Amino acid sequence: MKKILILGSGAGGTMVANNLRKKLSPKQWDVTIIDNDEIHHYQPGWLFIPFDVYTPQDCQKPKREFIPPGVNFVLDEVVGIDKESHTVEGKKNKYSYDWLIIASGCSIVPEEVEGMMDGWRKDIHDFYTLDGAVALREKMKYFDKGRVVLNIAELPYKCPVAPLEYIFMADWFFDVKGVRDDVEIELVTPMAGAFSKPIASSILGDIAIQKNIKVTPNFDIAQVNAEEKTIESHKGEKVDYDLLIAIPPNFGAAFLEGSGLEDPLRFVDTDHFTLKAKNADNIYVVGDATNVPASKAGAVAHYESETLVDNIIREIDGQEPKPTFDGHATCFICSGHEKAFLIDFNYEYEPLPGKFPFPGLGPFSLLGDSYLNYWGKMMFKWVYWNMMLKGVELPLEDQLTMAGKMRHTLVTE
Ligand SMILES: Cc1cc2nc3c(=O)[nH]c(=O)nc-3n(C[C@H](O)[C@H](O)[C@H](O)COP(=O)(O)OP(=O)(O)OC[C@H]3O[C@@H](n4cnc5c(N)ncnc54)[C@H](O)[C@@H]3O)c2cc1C
């Protein structure tokens, strides 16, 4: 029996396991998925915990609920990969493979910013971990006056729109609390504007202005001075805060260090279009673990999983992999007051206005905020648990389609 090993049973690994099991004979192929955590975390839900929209329980389910019959779930912590001998080292066992899929995601490393840990979970908080989101909820509950600063340390970080959503939701939250006039909100970012893509950046930057949110661009953080409550850039600029919401550097899994597969941030060096690991035979990569220049998002992992599964099956059948992944990303952006934007883009085309997923009809509006988009964002949790993870077909094209998009604003990179 030949073996396929999947490292990580988060969004990407689980989708791939479900799709592979449907397409490969269980008599010929043993499919095993390894994870060190029994709980599946719906990470998009962490954004809502500080605002008391979701509870931690809303964002967790047992991983085994999503593992299809015929796939082995192994609870173990991966500590290394030997790509030459086709083996993976876990804390409990050693595993051999014919094909390996790396789906181990990425996580925040606040220790990478000098001084950040001095104020961690005191005046410096995050919502990129469950514990962080819960602690931030307590902080937000009693925060009535002062400066809330959200800082993005560096690119890439997962869910590139989540920081914007946080500040837009914070504006709403403090407004409803009746203290908005006493709270200043500022986004401090290393990017040239509110977002990385110019058209969306300009539209979202205008929304920030309308909401009286200051955007400070081109800020490369060098250190946090926790005692004086300032962040300082490499150029010596300082921004003071009462509450710092940090998006610290994001790194790939620790076991990739020294594997010969990784880049300096421990993301796996991956072919942008086939999703095959560049420095190895028989290894594919999905989701946040890749270093492809697409957004690190669950929706992207969904589109990637289609290319990845097709390519592994092609290779098993003796065919060349196809370069079909186009960087497609589809993301809702909450803008507060129960409204949201939607953006749909890929490597080649930046987000454009229009309608999605049905050209001309929608019902969702691209690059315009609406109540219906917010409803879509709220529905995403149900779609994630009940369709995406289980590999149920969605009414979405894997590759970006220009139908329904307003091309006159088109700018290519
Ligand atoms: C605040 C926030 C908001 C977000 N909002 C959205 C959104 O609105 N829309 C969207 O599409 N995406 C969103 N995302 C991003 C989305 O959650 C991730 O992109 C997605 O989960 C990536 O899937 P993945 O499988 O690559 O990684 P993960 O889902 O993180 O899974 C990685 C798995 O690997 C396991 N693992 C790691 N190391 C080891 C090890 N050593 N041994 C064994 N197992 C290991 C982990 O336990 C985990 O189960 C958001 C993320 C955050 C943090």
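Predicted model: local features only at pLDDT ≥ 70, side-chain atom pairs only at ≥ 80, totals over all residues.
Colleague: How many helices and strands does the protein chain have?
Modeller: Both are DSSP runs, numbered from the N terminus: helices are H or I with at least four residues, strands are E with at least two. On that basis the protein chain has 6 helices and 24 strands.

Colleague: What is the radius of gyration of the protein chain?
Modeller: The radius is taken over C-alpha atoms, and the globule rule is 2.2 Å times the number of residues to the power 0.38. For 413 residues the rule gives 22 Å, and the chain comes close to that, so it is as compact as a globular protein of that length. Its C-alpha trace spans about 65 × 50 × 40 Å along the principal axes. The radius of gyration is 21 Å.

Colleague: What share of the residues of the protein chain count as buried?
Modeller: Buried means under 20% relative accessible area, exposed means over 50%, and partly exposed lies in between (1.4 Å probe, protein chains only). Of the 413 residues, the buried share is 59%.

Colleague: Among contacts between residues at least 6 apart in sequence, what share join residues at least 24 apart?
Modeller: A contact means heavy atoms within 4.5 Å. Among the contacts in question, the share that join residues at least 24 apart is 66%.

Colleague: Which domains does the assignment give?
Modeller: The bounds come from an automatic or database domain assignment. Domain 1 has two segments, 2-105 and 253-316. The others are domain 2 (109-249) and domain 3 (329-409).

Colleague: How many residues of domain 1 are in contact with domain 3?
Modeller: The centres of domain 1 and domain 3, taken over C-alpha atoms, are 25 Å apart. On the domain 3 side, 21 residues take part; on the domain 1 side, the number is 31.

Colleague: Is Asn19 buried or exposed?
Modeller: Asn19 lies in helix α1 (residues 11-23). Ser305, Glu306, Val309 and Gly391 touch it, leaving out residues up to four places away in sequence. Its relative accessibility is 8%, so Asn19 counts as buried.

Colleague: Which residues does Gly298 contact, beyond neighbours within four places in sequence?
Modeller: Gly298 lies in helix α5 (residues 298-316). Its relative accessible area is 26%, so it is partly exposed. Cys59 is 239 residues away in sequence and 14 Å away in space, C-alpha to C-alpha. The contacts of Gly298 are Met15 and Met388.

Colleague: What is the relative accessible area of Ile245?
Modeller: Ile245 is found in strand β18 (residues 243-247). Its contacts beyond four places in sequence include His125, Phe127, Leu136 and Tyr166. Leu187 is 58 residues away along the chain, with 9.5 Å between the C-alpha atoms. Ile245 is buried, and its relative accessible area is 0%.

Colleague: How far apart in space are Asp98 and Ile283, C-alpha to C-alpha?
Modeller: Asp98 lies in the loop between β8 (94-96) and β9 (99-102). It touches Lys2, Lys3, Trp29, His86 and Asn282, not counting residues up to four places away. Asp98 and Ile283 are 185 residues apart in sequence, and the distance in space is 9.0 Å.

Colleague: Which residues does the cis peptide bond with omega of about 10° join?
Modeller: Most peptide bonds are trans. Another has omega of about 10°. That bond joins Gly362 and Pro363.

Colleague: What is phi of Lys229?
Modeller: Most residues other than glycine have a negative phi. Cys159, in the loop between β12 (146-152) and α3 (162-177), has a positive phi near 50°. Lys229 is in the loop between β15 (221-225) and β16 (230-233). Phi of Lys229 is also positive, near 55°.

Note on methods: Residues numbered from 1 in each chain as written. Heavy atoms only, no water.
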